[in-house]
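Subject: Structure handover

Hi,

Here is the structure I promised to pass on. Please load it before you read the notes.

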Amino acid sequence: MVAESGRARGVAVPDPRRRHPGRGAWLHPEPACLRLAEKRRAFPRALRVRGPLDTSAIQVHLEQWA
């Protein structure tokens, strides 16, 4: 996944083909891993962005895997 810029609020988007520009982060394709990463506030730290990130696009992507 990567952080998408240019919006009022940061958004994390899936990047399974690793084509988006910017700093990326890996996540196991399991909803439990997403919840744990959100709880630990790992995404802003891993992607080096300020403030919280909207991870709804990641959640939708993980639901498609299930």
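Below is what was found in it, from the overall fold down to single residues.

**Ground rules**

This is a predicted model: local features need pLDDT of at least 70, side-chain atom pairs count only at pLDDT 80 or more, and totals for chains, interfaces and linings use all residues. Residues are numbered from 1 along each chain as its sequence is written, and side-chain values use heavy atoms, with hydrogens and water left out.

**Overall**

The chain holds three helices and three strands. Along the sequence the pattern reads β-β-α-α-β-α.

The radius of gyration is 11 Å, which agrees with the value near 11 Å for a compact globule of 66 residues. That radius is taken over C-alpha atoms, and the globule rule is 2.2 Å times the number of residues to the power 0.38. The C-alpha trace spans about 30 × 25 × 20 Å along its principal axes.

Of the 66 residues, 24% count as buried. Buried means under 20% relative accessible area, exposed over 50%, and partly exposed in between, with a 1.4 Å probe and protein chains only. Take the contacts between residues at least 6 apart in sequence: 50% of them join residues at least 24 apart. A contact means heavy atoms within 4.5 Å.

**The sheet**

Three strands form an open sheet in the order β1-β2-β3, with mixed pairing. β1 (2–4) and β3 (53–54) stand at the edges with a single partner strand each, so one side of each has no neighbour in the sheet. Two strands pair if DSSP finds at least two bridges between them.

β1 and β2 are antiparallel and share three bridges. A3 has A12 in β2 as its bridge partner. Strand β2 (residues 10–13) runs parallel to β3, and two bridges join them. Here G10 is partnered by L53 in β3.

**The largest pocket**

Its volume is about 410 Å³. There are 19 lining residues, and the closest to the pocket centre are M1, D15, P16, A25 and W26. Helix α3 (residues 56–65) gives the most to the lining, with four residues. By class, the lining has eleven nonpolar, five polar and three charged residues.

The terms are as follows. A pocket is an open set of points on a 1 Å grid over the protein atoms alone, with protein on both sides within 12 Å along at least five of seven lines; lining residues have an atom within 4 Å of a point. Grid points are joined across faces, edges and corners, and a volume is the space filled by probe spheres set on the points. Asp, Glu, Lys and Arg count as charged; Ala, Val, Leu, Ile, Met, Phe, Trp, Tyr, Cys and Pro as nonpolar; the others, Gly among them, as polar.

**Single residues to check**

Most residues other than glycine have a negative phi. R18 has a positive phi of about 55° and is not a glycine. R18 sits in the loop between β2 and α1. R18 is exposed, at 59% relative accessible area.

R48 also has a positive phi, near 55°. R48 lies in the loop between α2 (42–47) and β3. R48 counts as exposed at 65% relative accessibility.

P31 belongs to helix α1 (residues 31–39). P31 is partly exposed, with a relative accessible area of 41%. From C-alpha to C-alpha, P31 and V11 are 18 Å apart in space, and 20 residues apart in sequence.

Best wishes

How values were computed. On a 1 Å grid over the protein atoms alone, a cavity is a set of points where a 1.4 Å probe fits but cannot get out, and a pocket is an open set with protein on both sides within 12 Å along at least five of seven lines; lining residues have an atom within 4 Å of a point.
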